[in-house]
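Visitor: Please give me a close look at the packing in this model, and then show me what else sits around it.

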Amino acid sequence: MAISASEISARIVEAVMAQKLAPGARLGEQPLAMLFDCSRTIVREALTRLAARGIVTVSARRGWFVIEPSQDEAREAFEARRVIELGLIRSTGRIDKSALRQLKAHLQREKAALKESDVGHRSFLLGDFHVCLAECLGNTLLADTLRDFTARTTLIAMLYQSTHDAVQSCEDHVQIVAALEGGDHAAAEALMAEHIGTVQSALRVQAPTDPLAQLRDALAPLNNGTPNTPTPKRRRKAAPADDATDSSTYLGALL
């Protein structure tokens with residue numbers, strides 16, 4: 001059975017959440033078409049959908065790439081998650097037993113993944129908890145939205161070298177579910193706010209720099225007492241060797 005554009009886009013999002021596709025990774029239409037045994041038209045449709053969802057970007061001459069969020073975009077993504085997830089918890093009623101069983105089963109998978117060496121599987125489960133929570137609270141539309149935002153924050157964590165501990169994330173999830181099970185939505189909301197804040201604060205985001213600093217230093221007057229001394233010529237740096245690892249090799253992780 002031929003694969004659909006929706007299935008391809010879903011696989012790409014899963015690979016992002018599992019940290020198998022890095023920020024800036026190239027997504028060539030032809031390699032993807034070969035990988036999924038489909039036409040480039042189907043691939044292009046999938047990538048166009050992902051571009052609309054803010055997961056990939058396209059350059060007219062260079063092709064398709066996984067996004068590399070800026071610091072402002074990172075801040076906005078976490079703010080959006082706060083609004084969605086805290087509002088979702090605040091507006092929900094009592095959770096039924098089947099939803100609680102589903103959440104607890106997800107937590108058990110998280111705990112099992114922490115003991116394994118598959119970092120990608122662990123990363124996916126920790127991010128997918130938020131999607132699972134939205135589904136269990138009865139809002140599939142917000143679950144889809146959270147899936148995209150979770151994928152973005154996964155890329156942000158990779159790009160800004162997050163120091164957040166996976167064990168702590170899992171423990172945060174356990175406490176949130178326990179509060180929901182006890183009917184304490186205010187505590188669950190506060191725990192979620194703290195959890196998202198902790199994840200965001202673990203990012204190694206640098207303070208804004210002076211965009212003219214390098215040029216200003218280069219053109220500063222020389223104060224060595226010999227203003228007429230010609231500036232020695234700088235050695236031309238050798239061109240860097242071509243990177244042997246093309247970002248498109250990440251596509252293999254999708255299978």
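Guide: A residue is called buried when its relative accessible area is under 20%, exposed when that value is over 50%, and partly exposed in between, using a 1.4 Å probe and protein chains only. With those cut-offs, 40% of the 255 residues in the protein count as buried. Please keep in mind that this is a predicted model, in which local features need pLDDT of at least 70 and side-chain atom pairs count only at pLDDT 80 or more, while totals for chains, interfaces and linings use all residues. Residues are numbered from 1 along each chain as its sequence is written, and side-chain values use heavy atoms, with hydrogens and water left out.

The protein has 10 helices and two strands, both taken as DSSP runs numbered from the N terminus (helices are H or I with at least four residues, strands E with at least two). Read from the N terminus, the order is α-α-α-β-β-α-α-α-α-α-α-α. Among contacts (heavy atoms within 4.5 Å) with a separation of 6 or more, 76% join residues 24 or more positions apart.

Now to the close look, starting with α8 and α9. Helix α8 covers residues 166-181 and helix α9 covers residues 185-201; the two pack at an angle of about 165 degrees with their axes 7 Å apart. The axes are lines fitted to C-alpha atoms, for helices over the stretch in contact, and angles run from 0 to 180 degrees between N-to-C directions. Angles under 35 degrees are roughly parallel, over 145 roughly antiparallel, 65 to 115 roughly perpendicular, and the rest oblique. α8 and α9 are therefore roughly antiparallel to each other. Their crossing is left-handed, meaning that the near helix is turned anticlockwise from the far one by less than a right angle (clockwise would be right-handed).

Who meets whom here? On the α8 side you will find Ser169, Asp172, His173, Gln175, Ile176, Ala179 and Leu180, and facing them in α9 are His185, Ala187, Ala188, Leu191, Met192 and His195. This contact of α8 with α9 divides into seven nonpolar, five polar and one charged residues; Ala, Val, Leu, Ile, Met, Phe, Trp, Tyr, Cys and Pro count as nonpolar, Asp, Glu, Lys and Arg as charged, and the others, Gly among them, as polar.

Setting aside its neighbours within four places in sequence, His173 is in contact with Leu107, Glu110, Leu126, Phe129, His130 and His195.

The axes of helix α6 (residues 119-136) and α7 come within 8 Å and cross at roughly 155 degrees. α6 and α7 are therefore roughly antiparallel to each other, and α6 passes α7 in a right-handed crossing.

α7 has another partner to show you. Helix α1 (residues 5-17) packs with helix α7 (residues 140-159) at an angle of about 45 degrees, their axes 8 Å apart, which makes α1 oblique to α7. The crossing of α1 and α7 is left-handed. Val13, Val16 and Met17 of α1 make the contact with Arg147, Thr150, Ala151, Thr154 and Leu155 of α7. Here the classes are five nonpolar, two polar and one charged.

Past α1, two loop residues are worth a glance. Gln19 sits in the loop between α1 and α2 (29-36), has a positive phi near 60 degrees although it is not glycine, and is partly exposed at 38% relative accessibility. Asp37, in the loop between α2 and α3 (40-52), likewise has a positive phi, near 55 degrees, and is exposed at 69%.

Finally, the cysteines: Cys38 is buried at 18%, and Cys170 is buried at 3%. A search of the whole structure finds zero disulfides, that is, pairs of cysteine sulfur atoms within 2.5 Å.
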